[in-house]
Amino acid sequence: MNVQYSYLPRQFAEVDQYIEDLRQLVATGEFTLGPFVEKFERKFAAFIGVKHVIGTNTGTDALILALKAVGVRPGDEVITVPNTFIATVGAIVAVGAKPVFVDCDDRDQIDVSQIATAITCRTRAIVPVHWAGCPADIEAVMTIANDHAIPVVEDACPSVGATVNGRSVGTFGKVNAFSMHPLKPLNVWGDGGMVVTDDDEAAEFLRLYHNHGLRHRDHVQIWGVNNRLQPIQAVIATRLLDRINEETEIRIRNARRLDTGLSDLGNVLRVTRRPAGYREVYQLYQCSANRRADLLAFLIARGVEAKVHYPIPIHLQAAAKELGYKRGSFPVCERQADAILTLPAHQFVTIDQIDYMSEVIHEFYAKPVVSVRKVC
Ligand SMILES: Cc1ncc(COP(=O)(O)O)c(C=O)c1O
């Protein structure tokens with residue numbers, strides 16, 4: 001049996017409906033901002049329950065804009081995690097700030113207990129990442145941030161649809177970022193993102209800044225850039241938003257079945273802890289595996305396209321050398337990087353395929369091994 005990681009050709013197999021939507025766009029010639037982008041922004045605002053949504057080119061742009069909007073300037077420090085996609089940290093560096101890492105916890109989310117000690121007089125923002133479609137402990141992050149009067153920018157890039165006690169991620173921090181990259185829960189035909197906020201002043205800045213600082217065609221209010229969402233992507237995203245809950249529920253069903261199927265493996269394969277009240281949307285289904293490299297090879301040989309996100313934490317990347325961290329700086333994150341494994345559990349994976357993956361993994365661990373190292 002094959003279990004594929006990529007689902008995009010299947011997701012867009014019924015292409016005619018999208019083409020029909022695009023015909024309407026083409027007929028108007030509204031190829032820069034305009035009604036199609038505005039319609040999507042309104043729809044997404046209603047979907048997550050936020051006042052302002054500004055479409056952007058990418059999730060990375062959304063993060064850069066969000067950091068600027070909360071006042072991060074060159075020389076400031078921004079607290080985040082080293083176990084994320086590079087864009088979280090790249091965005092901090094792009095605005096001239098210094099990333100300051102804290103370790104992750106056993107759920108691969110920011111370890112909230114470490115934030116307070118990382119705060120200095122130069123800390124200008126905290127960027128918790130809702131990693132892999134699972135919410136960080138954002139309520140606890142907000143408590144610490146509010147105590148220190150430091151703005152929070154949620155990196156909710158992988159996590160459209162995730163909630164904490166019924167409230168959408170990306171609505172807790174002051175200005176927050178989402179991605180619509182093709183492998184995200186709400187995905188478009190290329191790149192796309194959104195920066196979202198309830199703050200009118202921040203929204204005013206973001207609308208100007210992401211469109212050259214233009215108040216009107218002939219009036220430049222502030223220096224800006226072009227980070228606009230393309231109307232083509234807005235059209236695709238508008239239609240997809242109608243289905244996102246249905247698709248997410250299938251991913252949740254798949255993840256729960258995998259959790260159950262793998263739960264007896266205990267000390268050799270650890271299923272992530274799932275707190276009550278958190279809706280996890282499983283942009284990636286991740287677990288921690290002993291002998292990860294061997295298991296990965298075994299799964300691939302059995303037709304399961306498993307992956308690793310990511311084998312090298314950011315503080316150990318060449319680009320991060322100047323930050324002065326070393327191996328041992330973030331032990332939980334480093335152990336996780338050695339053990340973490342992504343299994344395909346997306347909306348096109350069937351129950352049979354889920355059960356097949358559980359069987360293959362059980363088969364792998366039933367085999368005699370030379371040495372067994374315990375997962376952290
Ligand atoms: C945690 C995280 N932050 C930021 C990004 C950047 O989003 P984009 O690829 O849309 O720039 C991604 C997506 O790849 C991500 O997973």
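Modeller: A polar side-chain atom of Lys184 lies 2.8 Å from an oxygen atom of the ligand, where a polar contact is a pair of N or O atoms within 3.5 Å. The model is predicted, so local features need pLDDT of at least 70 and side-chain atom pairs count only at pLDDT 80 or more, while totals for chains, interfaces and linings use all residues. Residues are numbered from 1 along each chain as its sequence is written, and side-chain values use heavy atoms, with hydrogens and water left out.

Thr60 also places a polar side-chain atom 2.5 Å from an oxygen atom of the ligand, whereas Gly59 has a polar backbone atom 2.8 Å from a ligand oxygen atom. The protein covers 93% of the 390 Å² of accessible area that the ligand has on its own (Shrake-Rupley method, 1.4 Å probe).

Around the ligand there are 16 residues, counted when a heavy atom lies within 4 Å of it. Gly59, Thr60, Asp155, Ser179 and Lys184 come nearest. By class, this shell has six nonpolar, eight polar and two charged residues; Asp, Glu, Lys and Arg count as charged, Ala, Val, Leu, Ile, Met, Phe, Trp, Tyr, Cys and Pro as nonpolar, and the others, Gly among them, as polar. Helix H4 gives the largest share of the shell, three residues (helices are DSSP runs of H or I with at least four residues, numbered from the N terminus).

Methods. A polar contact is a pair of N or O atoms within 3.5 Å; within protein, one must be able to donate a hydrogen and the other to accept it, and residues adjacent in sequence count only if both atoms are side-chain atoms. Helices (H or I, at least four residues) and strands (E, at least two) are DSSP runs, numbered from the N terminus.
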